[in-house]
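I open a notebook page for a structure that I have not looked at before. My entries follow the order in which I looked things up.

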Amino acid sequence: KISRMNIELENSHQELKESDDMLKAQFAEFVSVQETLVSSEKRYSILFEKMLNGYFVFEPVLNESGKLIDMRFLYINPGFSVQTGIATEGMVGKTWTEVFQVPNKDLNYYHNVLKTGETEHFEVSYGNPEKSFSLNAFKISDRQIGVVFDNITMYKQAIKEKTRMNEELEHRVMERTQELQDAVSELESFTYTVSHDLK
């Protein structure tokens with residue numbers, strides 16, 4: 001009986017040892033996953049803080065019928081201030097309307113992102129109509145939308161200047177062409193006169 005109990009005890013000990021080994025392996029895997037998550041979070045945090053693009057995450061504010069009526073800021077990176085020139089202190093937790101005192105005029109784009117899950121790319125001008133921004137809005141979850149944006153004011157101004165210069169160049173070319181045509185006409189008239197006199 002003691003021998004049988006000893007065998008059972010040895011079997012139980014072996015099972016416990018196998019369970020212990022399995023728990024150690026699971027714990028090691030958990031630690032590895034945790035380290036990977038921490039590393040990934042650190043990389044994301046560095047990207048969030050150091051990227052030159054403006055980036056913010058907002059929570060949709062919906063009315064009773066599920067329509068998007070405002071947006072509440074959840075996260076804002078330092079690039080937001082770089083791109084807009086607006087200080088971001090105190091913005092997190094507030095809605096767009098609370099911060100800027102006017103409703104966001106582009107809520108339909110964000111509503112489409114929320115509804116379809118598709119990324120929306122669009123250009124806007126806020127406040128000063130001379131300032132232009134290029135935005136990419138994407139769905140993170142049903143309660144979060146991320147927005148990456150760039151200030152493209154200088155780019156837009158360069159396009160306007162290029163268009164103006166092209167129009168000015170075309171006008172000059174037309175004037176010069178007209179002058180050349182007039183000169184050719186005068187030359188033809190002179191040639192005709194000389195030819196007539198020679199005859």
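This is a predicted model: local features need pLDDT of at least 70, side-chain atom pairs count only at pLDDT 80 or more; totals for chains, interfaces and linings use all residues.

Residues are numbered from 1 along each chain as its sequence is written, and side-chain values use heavy atoms, with hydrogens and water left out.

**Entry on Lys131.** I looked up Lys131 in the loop between E3 and E4, taking helices (H or I, at least four residues) and strands (E, at least two) as DSSP runs numbered from the N terminus. A polar atom of the Lys131 side chain lies 3.3 Å from the backbone oxygen of Thr84. Lys131 is partly exposed at 31% relative accessible area, on a scale where buried means under 20%, exposed over 50% and partly exposed in between (1.4 Å probe, protein chains only). I also found its C-alpha atom 30 Å from that of Ser141, 10 residues apart along the chain.

**Entry on the sheet.** I traced 5 strands in an open sheet, ordered E2-E1-E5-E4-E3 with antiparallel pairing, where two strands pair if DSSP finds at least two bridges between them. Strands E2 (68-76) and E3 (120-124) stand at the edges with a single partner strand each, so one side of each is left without a neighbour in the sheet. Between E1 (residues 54-62) and E5 (residues 144-151) I found 5 bridges, and Phe56 stands opposite Val147 in E5.

**Entry on the core.** Which residues have the most contacts inside the largest nonpolar core? They are Phe56, Tyr110, Leu135, Ile145 and Val147, in a core of 21 residues, meaning buried Ala, Val, Leu, Ile, Met, Phe, Trp, Tyr and Cys residues joined through side-chain atoms within 4.5 Å. Among the elements that give two or more residues to this core is helix H4 (107-116).

**Entry on salt bridges.** I searched the whole structure and found 11 salt bridges, each a side-chain nitrogen of Lys or Arg within 4 Å of a carboxyl oxygen of Asp or Glu. One of them joins Asp20 and Lys24 (3.4 Å, N to O); these two are 4 residues apart in helix H1 (residues 2-50), about one helical turn. Asp20 is partly exposed at 35%, whereas Lys24 is exposed at 52%.

Methods. A polar contact is a pair of N or O atoms within 3.5 Å; within protein, one must be able to donate a hydrogen and the other to accept it, and residues adjacent in sequence count only if both atoms are side-chain atoms.
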